[in-house]
Amino acid sequence: QVQLVESGGGLVQAGGSLRVSCATSGLTFKNYVMGWFRQAPGKEREFVATISPSGGTTDYANTVKGRFSISRDNAKNTVYLQMNSLKPEDTAVYYCAARPRSFGIFTDDQSANYNYWGQGTQVTVSS
């Protein structure tokens, strides 16, 4: 079956950096659009970043643009989120998600379109 397993979360001070990873299995990874979403306590899940199957196209939420970077290694079936200049408001559970590629769709910022989700990893940024 399909599995997405996030890792790399933790506690970091404001201004610091963290990289979270999402290892996948059970799917043909190179055929999937990947996304990162996050959910803070008491808030709805929100889009963070997305990457096309080839890795050539990315998109970011305005709140993280210039600070976060999404990448993927199709040989390792893994997607990454490098987070720099972290702020306390970045504190959340971070989820990776996968959706099959389709004609004309290279990236996707809509959580409802994703078929598979990981269990999430906690990122806490202290002030």
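**Aromatic close-ups**

View 1. At 31% relative accessibility, Tyr-116 counts as partly exposed (buried is under 20% relative accessible area, exposed over 50%, partly exposed in between, using a 1.4 Å probe and protein chains only). This is a predicted model, where local features need pLDDT of at least 70 and side-chain atom pairs count only at pLDDT 80 or more, while totals for chains, interfaces and linings use all residues. Residues are numbered from 1 along each chain as its sequence is written, and side-chain values use heavy atoms, with hydrogens and water left out.

Overall, the structure holds five aromatic pairs (Phe, Tyr and six-membered Trp rings with centres within 6.5 Å; planes under 30 degrees apart are stacked, over 60 edge-to-face, the rest tilted). In one of them, Tyr-32 and Tyr-116 have ring centres 6.3 Å apart and planes at 50 degrees, so call it tilted. Tyr-32 sits in strand β4 (residues 32-39) and Tyr-116 in strand β10 (residues 116-117), 84 residues apart (strands are DSSP runs of E, at least two residues, numbered from the N terminus). Tyr-32 is buried, at 13% relative accessible area.

**View 2. Phe-37 meets Phe-47.** This aromatic pair is edge-to-face, 5.9 Å centre to centre with 65 degrees between the planes. Phe-37 is in strand β4 and Phe-47 in strand β5 (residues 46-51), so the pair ties together parts 10 residues apart in sequence. Both Phe-37 and Phe-47 are buried. Along with Tyr-114 and Trp-117, they make up one aromatic cluster.

**View 3. Arginines over rings.** The charged end of Arg-45 sits over the Trp-117 ring, 4.5 Å from its centre (NZ of Lys or CZ of Arg within 6 Å of the ring centre and within 35 degrees of the ring normal). Arg-72 has its charged end over the ring of Phe-29, 4.2 Å from the ring's centre.

Methods: Helices (H or I, at least four residues) and strands (E, at least two) are DSSP runs, numbered from the N terminus.
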